[in-house]
Amino acid sequence: MTEEADRGVKPRHEKYNRLIAAAKNETTINVAVAHPCDEVSLKGAVEAQQLGLIEPVLVGPADRIRQVASQAGLNIEGLQIIDAAHSHDSAAKAVELVAAGKVEALMKGSLHTDELMGAVVSKQAGIRTSRRISHCFVMDVPNHPEALIITDAAINIAPTLEEKADIIQNAIDLAHALGAEEVRVAILSAMETVNSKVPSTIEAAALCKMADRGQITGAILEGPLALDNAISPEAAAIKKIVSPVAGHANVLAVPDLEAGNMLAKSLSFLAGADAAGIVLGARVPIILTSRADSVITRLASCAVAVLVAAARRKAAAASID
(Lines give C-alpha, C1' and ligand atoms only; values in the text may rest on other atoms or scores of the structure.)
Protein backbone atom coordinates (compact mmCIF):
# COMPACT_ATOMS: atom_id res chain seq x y z
CA MET A 1 0.00 0.00 0.00
CA THR A 2 1.31 3.45 -0.90
CA GLU A 3 1.90 6.25 1.59
CA GLU A 4 -0.91 8.19 -0.12
CA ALA A 5 -3.31 5.29 0.39
CA ASP A 6 -2.25 5.05 4.06
CA ARG A 7 -3.32 8.68 4.47
CA GLY A 8 -6.64 8.03 2.73
CA VAL A 9 -5.57 10.11 -0.28
CA LYS A 10 -6.19 8.71 -3.76
CA PRO A 11 -2.89 8.02 -5.57
CA ARG A 12 -1.82 10.52 -8.22
CA HIS A 13 -2.99 9.55 -11.72
CA GLU A 14 -5.31 6.86 -10.35
CA LYS A 15 -7.89 7.63 -13.06
CA TYR A 16 -5.33 7.53 -15.88
CA ASN A 17 -3.86 4.31 -14.52
CA ARG A 18 -7.33 2.74 -14.67
CA LEU A 19 -7.71 3.85 -18.30
CA ILE A 20 -4.31 2.42 -19.23
CA ALA A 21 -5.10 -0.86 -17.47
CA ALA A 22 -8.41 -1.12 -19.33
CA ALA A 23 -6.72 -0.38 -22.66
CA LYS A 24 -4.10 -3.07 -22.06
CA ASN A 25 -6.95 -5.59 -21.97
CA GLU A 26 -7.94 -4.62 -25.52
CA THR A 27 -6.30 -5.49 -28.82
CA THR A 28 -3.18 -3.45 -29.61
CA ILE A 29 -3.94 -1.02 -32.43
CA ASN A 30 -1.80 0.16 -35.33
CA VAL A 31 -1.28 3.91 -35.10
CA ALA A 32 0.16 6.19 -37.79
CA VAL A 33 2.42 8.67 -35.99
CA ALA A 34 2.69 11.75 -38.19
CA HIS A 35 6.16 13.34 -38.25
CA PRO A 36 7.71 12.08 -34.97
CA CYS A 37 10.84 14.14 -35.55
CA ASP A 38 11.73 15.22 -32.04
CA GLU A 39 12.52 13.29 -28.89
CA VAL A 40 9.24 14.07 -27.11
CA SER A 41 6.91 12.82 -29.85
CA LEU A 42 9.02 9.80 -30.78
CA LYS A 43 9.50 8.80 -27.14
CA GLY A 44 5.75 8.96 -26.51
CA ALA A 45 5.05 6.56 -29.37
CA VAL A 46 7.84 4.17 -28.34
CA GLU A 47 6.75 4.12 -24.69
CA ALA A 48 3.15 3.40 -25.67
CA GLN A 49 4.41 0.54 -27.84
CA GLN A 50 6.55 -0.87 -25.02
CA LEU A 51 3.52 -0.77 -22.73
CA GLY A 52 1.55 -2.83 -25.25
CA LEU A 53 -0.99 -0.13 -26.11
CA ILE A 54 -0.13 0.63 -29.75
CA GLU A 55 1.96 -0.55 -32.66
CA PRO A 56 3.36 2.68 -34.12
CA VAL A 57 3.88 3.24 -37.84
CA LEU A 58 6.33 6.13 -38.02
CA VAL A 59 5.58 8.50 -40.90
CA GLY A 60 8.20 11.16 -41.67
CA PRO A 61 11.72 11.76 -42.98
CA ALA A 62 13.26 8.36 -42.28
CA ASP A 63 16.85 9.54 -41.75
CA ARG A 64 15.71 12.26 -39.37
CA ILE A 65 13.58 9.83 -37.34
CA ARG A 66 16.50 7.42 -37.01
CA GLN A 67 18.80 10.28 -35.99
CA VAL A 68 16.39 11.42 -33.27
CA ALA A 69 16.07 7.85 -32.01
CA SER A 70 19.84 7.43 -31.88
CA GLN A 71 20.40 10.72 -30.05
CA ALA A 72 17.62 9.97 -27.54
CA GLY A 73 18.63 6.37 -26.99
CA LEU A 74 15.28 5.06 -28.23
CA ASN A 75 14.97 1.57 -29.68
CA ILE A 76 12.90 1.71 -32.88
CA GLU A 77 14.20 -1.60 -34.20
CA GLY A 78 11.37 -3.44 -35.93
CA LEU A 79 9.07 -0.42 -36.18
CA GLN A 80 7.78 0.37 -39.66
CA ILE A 81 8.96 3.71 -41.03
CA ILE A 82 7.26 5.32 -44.01
CA ASP A 83 9.50 7.96 -45.53
CA ALA A 84 8.06 11.43 -46.12
CA ALA A 85 9.65 14.57 -47.49
CA HIS A 86 8.38 17.08 -44.90
CA SER A 87 5.66 17.63 -42.29
CA HIS A 88 2.82 18.22 -44.77
CA ASP A 89 3.81 15.07 -46.63
CA SER A 90 3.94 13.19 -43.32
CA ALA A 91 0.39 14.26 -42.49
CA ALA A 92 -0.90 13.31 -45.93
CA LYS A 93 0.75 9.88 -45.88
CA ALA A 94 -0.46 9.18 -42.34
CA VAL A 95 -4.04 9.94 -43.44
CA GLU A 96 -3.55 7.69 -46.49
CA LEU A 97 -2.82 4.81 -44.12
CA VAL A 98 -6.21 5.39 -42.46
CA ALA A 99 -7.98 5.55 -45.82
CA ALA A 100 -6.34 2.26 -46.81
CA GLY A 101 -7.52 0.61 -43.57
CA LYS A 102 -3.96 -0.05 -42.38
CA VAL A 103 -4.20 1.82 -39.05
CA GLU A 104 -6.93 2.38 -36.47
CA ALA A 105 -5.73 5.74 -35.15
CA LEU A 106 -3.57 8.76 -35.91
CA MET A 107 -1.08 10.37 -33.54
CA LYS A 108 0.35 13.88 -33.81
CA GLY A 109 4.12 14.08 -33.88
CA SER A 110 6.23 17.24 -34.00
CA LEU A 111 4.18 18.99 -36.68
CA HIS A 112 1.57 21.70 -36.10
CA THR A 113 -1.94 20.56 -35.28
CA ASP A 114 -3.26 22.57 -38.25
CA GLU A 115 -1.05 20.57 -40.62
CA LEU A 116 -2.38 17.24 -39.40
CA MET A 117 -6.01 18.38 -39.24
CA GLY A 118 -5.71 19.94 -42.71
CA ALA A 119 -4.93 16.49 -44.10
CA VAL A 120 -7.74 14.92 -42.04
CA VAL A 121 -10.42 17.27 -43.38
CA SER A 122 -9.12 17.49 -46.97
CA LYS A 123 -12.02 17.20 -49.43
CA GLN A 124 -9.93 15.10 -51.80
CA ALA A 125 -8.11 12.67 -49.51
CA GLY A 126 -9.43 13.35 -46.01
CA ILE A 127 -11.13 11.02 -43.55
CA ARG A 128 -14.11 13.06 -42.42
CA THR A 129 -17.47 11.52 -41.58
CA SER A 130 -20.93 13.07 -41.43
CA ARG A 131 -20.25 13.91 -37.75
CA ARG A 132 -18.62 17.22 -36.81
CA ILE A 133 -14.98 16.76 -35.83
CA SER A 134 -14.29 17.86 -32.25
CA HIS A 135 -11.71 17.61 -29.51
CA CYS A 136 -12.10 16.24 -26.00
CA PHE A 137 -9.81 16.65 -23.03
CA VAL A 138 -9.97 13.72 -20.63
CA MET A 139 -8.81 15.41 -17.46
CA ASP A 140 -7.39 13.77 -14.35
CA VAL A 141 -8.11 16.39 -11.68
CA PRO A 142 -6.57 15.64 -8.26
CA ASN A 143 -9.15 14.98 -5.53
CA HIS A 144 -12.01 14.83 -8.06
CA PRO A 145 -13.72 11.41 -7.98
CA GLU A 146 -13.73 10.67 -11.72
CA ALA A 147 -12.19 11.82 -14.96
CA LEU A 148 -13.75 14.94 -16.49
CA ILE A 149 -14.33 15.23 -20.24
CA ILE A 150 -14.18 18.83 -21.48
CA THR A 151 -15.29 19.69 -25.00
CA ASP A 152 -14.50 21.51 -27.24
CA ALA A 153 -11.38 23.40 -26.21
CA ALA A 154 -9.15 22.94 -29.25
CA ILE A 155 -10.89 22.78 -32.65
CA ASN A 156 -14.31 24.45 -32.94
CA ILE A 157 -13.95 28.15 -32.21
CA ALA A 158 -17.58 29.28 -32.02
CA PRO A 159 -19.76 26.25 -32.81
CA THR A 160 -23.36 26.59 -33.93
CA LEU A 161 -26.22 24.84 -32.16
CA GLU A 162 -26.12 21.96 -34.64
CA GLU A 163 -22.35 21.67 -34.28
CA LYS A 164 -22.67 21.64 -30.49
CA ALA A 165 -25.06 18.71 -30.78
CA ASP A 166 -22.36 16.76 -32.66
CA ILE A 167 -19.66 17.88 -30.22
CA ILE A 168 -21.74 16.63 -27.28
CA GLN A 169 -22.59 13.35 -29.02
CA ASN A 170 -18.88 12.76 -29.67
CA ALA A 171 -18.17 13.31 -25.98
CA ILE A 172 -21.00 11.00 -24.92
CA ASP A 173 -19.72 8.23 -27.18
CA LEU A 174 -16.25 8.76 -25.74
CA ALA A 175 -17.51 8.52 -22.17
CA HIS A 176 -19.19 5.19 -22.97
CA ALA A 177 -16.01 3.92 -24.64
CA LEU A 178 -14.10 4.79 -21.46
CA GLY A 179 -16.49 2.70 -19.41
CA ALA A 180 -18.76 5.33 -17.84
CA GLU A 181 -21.86 3.63 -16.41
CA GLU A 182 -23.87 6.85 -16.66
CA VAL A 183 -22.96 9.88 -18.77
CA ARG A 184 -23.99 13.19 -17.19
CA VAL A 185 -23.48 16.21 -19.44
CA ALA A 186 -23.42 19.73 -18.02
CA ILE A 187 -23.85 22.41 -20.69
CA LEU A 188 -21.92 25.29 -19.23
CA SER A 189 -22.61 28.99 -19.22
CA ALA A 190 -22.01 31.82 -16.76
CA MET A 191 -25.31 31.12 -15.00
CA GLU A 192 -27.87 28.40 -14.46
CA THR A 193 -30.93 30.30 -15.69
CA VAL A 194 -32.00 31.01 -19.27
CA ASN A 195 -31.31 34.62 -20.17
CA SER A 196 -32.03 36.06 -23.62
CA LYS A 197 -29.00 38.37 -23.25
CA VAL A 198 -26.67 35.37 -22.87
CA PRO A 199 -26.98 33.24 -26.04
CA SER A 200 -25.17 30.25 -24.54
CA THR A 201 -27.99 29.81 -22.00
CA ILE A 202 -30.59 29.63 -24.77
CA GLU A 203 -28.52 27.10 -26.73
CA ALA A 204 -28.04 25.03 -23.57
CA ALA A 205 -31.79 24.83 -23.08
CA ALA A 206 -32.28 23.92 -26.76
CA LEU A 207 -29.66 21.15 -26.53
CA CYS A 208 -31.46 19.67 -23.53
CA LYS A 209 -34.71 19.64 -25.52
CA MET A 210 -32.87 18.00 -28.44
CA ALA A 211 -31.86 15.23 -26.05
CA ASP A 212 -35.49 14.89 -24.92
CA ARG A 213 -36.47 14.37 -28.57
CA GLY A 214 -33.76 11.81 -29.28
CA GLN A 215 -31.52 14.09 -31.34
CA ILE A 216 -28.73 13.53 -28.79
CA THR A 217 -28.60 10.09 -27.19
CA GLY A 218 -26.84 8.09 -24.52
CA ALA A 219 -26.67 10.62 -21.70
CA ILE A 220 -28.52 12.85 -19.28
CA LEU A 221 -28.15 16.51 -20.27
CA GLU A 222 -28.62 19.52 -18.03
CA GLY A 223 -28.12 23.17 -18.84
CA PRO A 224 -27.46 25.91 -18.59
CA LEU A 225 -25.26 25.27 -15.58
CA ALA A 226 -22.47 27.39 -14.14
CA LEU A 227 -19.25 25.50 -13.48
CA ASP A 228 -19.69 25.43 -9.71
CA ASN A 229 -23.13 23.85 -9.77
CA ALA A 230 -22.04 21.41 -12.48
CA ILE A 231 -19.28 19.81 -10.38
CA SER A 232 -20.04 20.74 -6.77
CA PRO A 233 -23.02 19.07 -5.05
CA GLU A 234 -22.87 21.74 -2.36
CA ALA A 235 -23.11 24.58 -4.91
CA ALA A 236 -26.00 22.84 -6.67
CA ALA A 237 -27.83 22.40 -3.36
CA ILE A 238 -27.37 26.07 -2.45
CA LYS A 239 -28.90 27.06 -5.81
CA LYS A 240 -31.69 24.49 -5.24
CA ILE A 241 -30.94 22.74 -8.55
CA VAL A 242 -32.41 19.25 -8.46
CA SER A 243 -30.91 17.14 -11.23
CA PRO A 244 -28.84 13.94 -11.60
CA VAL A 245 -26.26 16.09 -13.45
CA ALA A 246 -25.95 19.10 -11.14
CA GLY A 247 -22.93 18.59 -8.92
CA HIS A 248 -22.11 15.25 -10.57
CA ALA A 249 -21.28 16.04 -14.22
CA ASN A 250 -18.65 13.89 -15.93
CA VAL A 251 -18.86 15.74 -19.26
CA LEU A 252 -18.52 19.52 -19.41
CA ALA A 253 -19.69 21.07 -22.69
CA VAL A 254 -18.36 24.62 -22.99
CA PRO A 255 -19.94 27.46 -24.98
CA ASP A 256 -16.89 28.11 -27.19
CA LEU A 257 -13.21 27.32 -27.64
CA GLU A 258 -12.00 30.26 -25.56
CA ALA A 259 -14.02 29.20 -22.52
CA GLY A 260 -12.96 25.58 -22.91
CA ASN A 261 -9.30 26.38 -23.37
CA MET A 262 -9.24 28.62 -20.30
CA LEU A 263 -11.12 26.03 -18.23
CA ALA A 264 -8.76 23.20 -19.19
CA LYS A 265 -5.62 25.27 -18.63
CA SER A 266 -6.93 26.59 -15.31
CA LEU A 267 -7.41 23.04 -14.11
CA SER A 268 -3.94 22.10 -15.36
CA PHE A 269 -1.96 25.02 -13.97
CA LEU A 270 -3.95 25.89 -10.85
CA ALA A 271 -5.30 22.50 -9.79
CA GLY A 272 -2.46 20.30 -11.02
CA ALA A 273 -4.66 18.38 -13.47
CA ASP A 274 -3.39 16.40 -16.44
CA ALA A 275 -5.12 16.65 -19.79
CA ALA A 276 -5.12 13.73 -22.21
CA GLY A 277 -6.40 14.76 -25.62
CA ILE A 278 -8.35 13.02 -28.39
CA VAL A 279 -10.06 14.19 -31.57
CA LEU A 280 -13.30 12.47 -32.56
CA GLY A 281 -15.66 12.60 -35.52
CA ALA A 282 -13.15 11.38 -38.11
CA ARG A 283 -12.94 7.79 -39.34
CA VAL A 284 -10.43 7.01 -36.58
CA PRO A 285 -9.54 8.63 -33.25
CA ILE A 286 -6.73 11.17 -33.44
CA ILE A 287 -4.28 11.44 -30.55
CA LEU A 288 -3.28 15.05 -29.98
CA THR A 289 -0.41 15.59 -27.60
CA SER A 290 1.43 18.70 -26.44
CA ARG A 291 5.15 19.23 -25.90
CA ALA A 292 4.32 19.98 -22.26
CA ASP A 293 2.49 16.67 -21.71
CA SER A 294 3.90 14.31 -19.11
CA VAL A 295 4.65 10.68 -19.91
CA ILE A 296 1.51 9.51 -18.09
CA THR A 297 -0.61 12.00 -20.06
CA ARG A 298 0.78 10.76 -23.39
CA LEU A 299 0.15 7.17 -22.40
CA ALA A 300 -3.37 8.07 -21.26
CA SER A 301 -4.07 9.72 -24.64
CA CYS A 302 -2.98 6.51 -26.37
CA ALA A 303 -5.12 4.46 -23.98
CA VAL A 304 -8.16 6.60 -24.79
CA ALA A 305 -7.60 5.98 -28.52
CA VAL A 306 -7.31 2.22 -27.91
CA LEU A 307 -10.61 2.19 -25.99
CA VAL A 308 -12.38 4.27 -28.64
CA ALA A 309 -11.11 1.97 -31.41
CA ALA A 310 -12.22 -1.08 -29.42
CA ALA A 311 -15.71 0.39 -28.87
CA ARG A 312 -16.05 1.11 -32.59
CA ARG A 313 -14.92 -2.41 -33.44
CA LYS A 314 -17.50 -3.88 -31.07
CA ALA A 315 -20.25 -1.62 -32.41
CA ALA A 316 -19.45 -2.63 -35.99
CA ALA A 317 -19.54 -6.32 -35.04
CA ALA A 318 -22.87 -5.87 -33.26
CA SER A 319 -24.40 -4.16 -36.30
CA ILE A 320 -23.41 -7.12 -38.48
CA ASP A 321 -24.98 -9.58 -36.03
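Modeller: Axes are lines fitted to C-alpha atoms, for helices over the stretch in contact, and angles run from 0 to 180 degrees between N-to-C directions; helices (H or I, at least four residues) and strands (E, at least two) are DSSP runs numbered from the N terminus. This is a predicted model, in which local features need pLDDT of at least 70 and side-chain atom pairs count only at pLDDT 80 or more, while totals for chains, interfaces and linings use all residues. Residues are numbered from 1 along each chain as its sequence is written, and side-chain values use heavy atoms, leaving out hydrogens and water.

Colleague: At what angle do the axes of helix 3 and helix 12 cross?

Modeller: The axes of helix 3 (residues 39-50) and helix 12 (residues 295-320) come within 10 Å and cross at roughly 60°. Helix 3 is therefore oblique to helix 12, where under 35 degrees counts as roughly parallel, over 145 as roughly antiparallel, 65 to 115 as roughly perpendicular and the rest as oblique. Contact (heavy atoms within 4.5 Å) is made by Val-40, Ser-41, Gly-44, Glu-47 and Ala-48 of helix 3 with Val-295, Arg-298, Leu-299 and Cys-302 of helix 12.

Colleague: Is Ile-286 buried or exposed?

Modeller: Buried means under 20% relative accessible area, exposed over 50%, and partly exposed in between (1.4 Å probe, protein chains only); Ile-286, at 0% relative accessibility, counts as buried. Ile-286 lies in strand 11 (residues 286-287), and its C-alpha atom is separated by 9.3 Å from that of Met-117, 169 residues apart along the chain.
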